[in-house]
Each structure stands twice: as C-alpha cells, then as structure tokens.
Amino acid sequence: MMLFTFSTQLTETAQRAIYTSTMIDYMDQAGSKVNALIALAGIGIPADDVVKTALSDRMEFRTMWSYDLDVLTPDEHIIELKVEPGISDLGEVIAIRQDGVLLTNPAYVDSLTYVESGLVKYYGYILFVESMRFKYFDKNDAITNNKPDIRSAGIELGFKRDSVGLVSRPLRTSLYIRCFFMNSYMRMGA
Amino acid sequence: MNMMEMVLALFAVILFSSVALSYNQAIWRQTDYLFNAQLVVQCNHLCHEVLDEVDAKLFSKQLGFDNIISTYNNKTRSVTIASQSETYNLLIKAAVCDSFGVVMPADSLSLFRRVDVSVSGPPALKRPVNMYRLYTRTYM
C-alpha cells in the first residue's frame, strides 16, 4: 500500500515538476516576446503620438514597423495587445493584432502547439495566460494615464495551466516586466 | 506473532519510514529549485529594467554619459510585485571601466561605463542575481 502511494505521488510530482519548469521557460519567453514587440513601437512616429489606447488591460500603439512582414513600411500600423478567451482549452491568450489582423503563425492555429521560431515573427497568440495588467509611466518614471506622456509600460503577466493529474490544482506563475518605448526616447533626444 | 516476526515488522516500518522521509526531502528540494528558477527569471527582468532605463535616458539625453556614475552608483530600489507577494531589493552600482568591463579607477579616462545590478530579497532565491551592461560614449 505504501509503495503504491509512493508510486502515485512520484508520478504526480514528476508531472507537476516538468509542467512547472516548462511554464517557467515559457513565461520567460513570453516576457521577452512582449518586450521585443514594444521595443519596435513608435518607429517613425512622434514621441507624443505613439500610444493610441492605454487601458489597464489593453494597449494599442503606433509604429511604421510591420511585424507581419518584418520590415519597415511607409505606412503607419496600429498594434493591439489584449487578453482574449482561448481558442482551445489551453486557457486565455494574449492576442496581438496589427491593424486589426491577428499576427499568426500557421503552426499556432493548426496544431495549437507552441513553436518557437524567433522573437520578431509569430507573435499571434501567447498561450496559457490568466491575466495581463498594464501600468504606464512617463519619462520621469511617474505613473501616468496621459497618452502623450507615456514612455514605458509595466506589465504584469499571469499564467495558468491545468496540471495533468489534478485539474483542480492548476499551475500558476507570474512575471512583471517593464518595457520602454525606446524609439520615443530616441525621438526626445534627437 | 513471535519475536522474530515482530522484529522483521519493525525493520519494515523503519525501512519504509526512511524511504518516505528521503522521498519527501527530495520533493522539498525539487520545489525549492522550481521556486528559485521562477524567481531568477523575475530577477533577470528586473535587472534588464534598470539597464534599459539607463539606455532609454541616454537616448533621450535626460541622462548625460558623464552623469551615469553620479546618478546610479550605490543606489538601492525596492520593487514589490503584488501578484507574487514578493519584494525585491535592487542594488545598483556604476563605475568607469575598460572595453572588457574591467573596473578602472574613478578618475581614469575611458569611453566606457559599467552599470551593475544585483537583485535579492525573496527568501526562496538561493543567491542574488547579478547582471551588468557596458555603455559607450558615442558623441552622437
């Protein structure tokens, strides 16, 4: 009986450990992706005009960079980040849209498997998300909601993933990142 | 149950208890490692935050290259992240250095400055996370 209990516990603990370590890695990659996305915000746009929408759960910004084509374009693009209901049972997702069109990698949509193919492309969805909260800062690092003053964003990302054995005990991790609108800072110094 | 059987039963209890204890200890150690890994990722991003801030302020000319040391050396910050119920303590140091990042005397003529960030605080973090970045005078 004791051995049976050990065996069951060992299996569950091992599964949770594998899932948690995967989620820690995934969380780090997700944070880096969001940071890389915002790093290209505001290219070719006046510093005061970069942020279009600044809500606590949604952000839109302008840039001349096309994330879809991975090139600089002569046209302005609106990039939107927000949490949406999931496209499967993988939890909620951060959907990233360029001009209203989801940035997609076919691998995401077809197989729903996570494919790491570089930071710049394949933003589309960030999976296993539970929450995303934005705080905005001005050039002196004071909190602001005045869009022309925003120069950086603090983002709290919460992740949740159902564990294999116990669905009632999901794995939760969270990460706080601060993303600077570097192009706005460069414009200010130009 | 005779004496021999009782002794064997006692040995069995001791054996299984030892296995249970060592197993539980391994689980706790594993949980510690996972907590530590999660905190290291967060600390990494906090280090980047400070170093990116220096970059951003150099870009905007809010911060002069010659003022990096006076602005950032021996500065401490405390960051509380509500969702994690954790407080992180940041220690920032800045120094004159050469192109390899080797710290030089403060009055040395150099085109490079080094900013170090060390993050500690959460009890589950086994050791502080350190990161540094070099900044170069560009005359732009």
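1. How many helices and strands does the secondary structure of chain B come to? In this predicted model, chain B comes to two helices and four strands, and these elements, read from the N terminus on, run α-α-β-β-β-β.

2. Helix 1 of chain B covers residues 3-59, which is 57 residues, and the distance from its first C-alpha to its last is 84 Å, close to the 84 Å expected at 1.5 Å a residue. Just after helix 1 of chain B comes Lys61(B), whose phi is positive, at about 65°.

3. On overall dimensions, the radius of gyration of chain B is 25 Å, whereas a compact globule of 140 residues would have one near 14 Å. Taken along the principal axes, the box filled by the C-alpha atoms of chain B is roughly 90 × 35 × 20 Å.

4. If one takes the contacts in chain B between residues at least 6 apart in sequence, 49% of them join residues at least 24 apart.

5. Turning to the contact between the two chains, 21 residues come from chain B and 25 residues from chain A. On the side of chain B that touches chain A, helix 1 of chain B gives the most, with 15 residues, and by class this side of chain B has nine nonpolar, eight polar and four charged residues.

Terms used: Residues numbered from 1 in each chain as written. Chains lettered and ligands numbered in written order. Predicted model: local features only at pLDDT ≥ 70, side-chain atom pairs only at ≥ 80, totals over all residues. Expected span 1.5 Å × (residues − 1). Rg over C-alpha atoms; globule rule 2.2 N^0.38 Å. Contact = placed C-beta atoms within 7 Å. Nonpolar A, V, L, I, M, F, W, Y, C, P; charged D, E, K, R; others polar.
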